[in-house]
Amino acid sequence: MSQTPSPKPAQNVLGQRLDFCCSSPRTGFYRDGFCNTGPQDFGNHTVCAQVTEEFLAYTKQLGNDLSTPVPAYQFPGLKPGDRWCLCASRWQEAMSAGVAPPIVLAATHERVLETIPLEILQEYALDSGT
């Protein structure tokens, strides 16, 4: 009888086990507090960021209002200092616009490396990256 191998635990951009991003508010594509991703996550919600006032205003201007509560989805709205799993492409757009929020490398999924080089992520890191 053969056994199916268990899936490899999610890895962060440092090649280690993916750390928890945030539980209040509950973040992640799967709302499990981790910046996990999978085939259904077309937005690639893999960057664990600590949002800033500038970023929230920027993303709202682009049509993605993360600061206004949406009770129907049990979403309290984000405020500066909250952590949230952002789409890699939106974070990259914010970086180009000069408003990218700082990130937590240990809680940022390795899949983001398909879009953004580690060296750039390290420039915005809240944690040491080692």
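A polar contact is a pair of N or O atoms within 3.5 Å; within protein, one of the two must be able to donate a hydrogen and the other to accept it, and residues adjacent in sequence count only if both atoms are side-chain atoms. Keep that in mind for the third exercise.

This is a predicted model, in which local features need pLDDT of at least 70, side-chain atom pairs count only at pLDDT 80 or more, and totals for chains, interfaces and linings use all residues. Residues are numbered from 1 along each chain as its sequence is written, and side-chain values use heavy atoms, with hydrogens and water left out.

**Exercise 1. Find the buried side of helix α1, and say what it packs against.**

Step 1. Locate the helix: α1 covers residues 53-61. Helices (H or I, at least four residues) and strands (E, at least two) are DSSP runs, numbered from the N terminus.

Step 2. Pick out the buried residues, which are Phe55, Leu56, Tyr58 and Thr59. Buried means under 20% relative accessible area, exposed over 50%, and partly exposed in between (1.4 Å probe, protein chains only).

Step 3. Look down the axis. These four residues lie on the same side of α1 because they cover an arc of only 165°, taken from the directions from the helix axis to the C-beta atoms. An α-helix has 3.6 residues a turn, so residues three or four places apart point the same way.

Step 4. Turn to the face away from the buried side, where the exposed residues Glu53, Glu54 and Gln61 sit.

Step 5. Name the partners: the buried residues of α1 pack against β2 (83-87) and α2 (88-96). Contact means heavy atoms within 4.5 Å.

Step 6. Step just past the helix to Gly63, which has a positive phi of about 100°.

**Exercise 2. Describe α2 and how it crosses α1.**

Step 1. List the buried residues of α2: Ala88, Arg90, Trp91 and Ala94. They line one face of the helix, because they fall within an arc of 165° seen down its axis.

Step 2. See what covers them; β1 (45-50), α1, β2 and α3 are included.

Step 3. Compare the axes, which are lines fitted to C-alpha atoms, for helices over the stretch in contact, with angles running from 0 to 180 degrees between N-to-C directions. Those of α1 and α2 come within 11 Å and cross at roughly 110°. The two helices are therefore roughly perpendicular to each other, a label for angles of 65 to 115 degrees.

Step 4. Find the residues that meet: Phe55, Tyr58 and Thr59 of α1 with Arg90, Glu93 and Ala94 of α2.

Step 5. Follow the chain beyond α2 to Gly98, whose phi is positive, near 80°.

**Exercise 3. Is His109 buried or exposed, and what does it touch?**

Step 1. Check its accessibility: His109 is buried because its relative accessible area is 10%.

Step 2. Look for a polar partner. The backbone nitrogen of Arg111 is 3.0 Å from a polar atom of the His109 side chain.

Step 3. Leave out residues up to four places away in sequence, and His109 touches, among others, Ala10, Val13, Leu18, Cys35 and Thr46.

**Exercise 4. Where are Gln74 and Pro76, and how accessible is each?**

Step 1. Gln74 is in the loop between α1 and β2, and Pro76 is placed in the loop between α1 and β2 too.

Step 2. Gln74 counts as exposed because its relative accessibility is 75%, while Pro76, at 47%, counts as partly exposed.

Step 3. Pro76 is in contact with Pro25 and Pro69, leaving aside neighbours within four places in sequence.

Notes: Angles under 35 degrees count as roughly parallel, over 145 as roughly antiparallel, 65 to 115 as roughly perpendicular and the rest as oblique.
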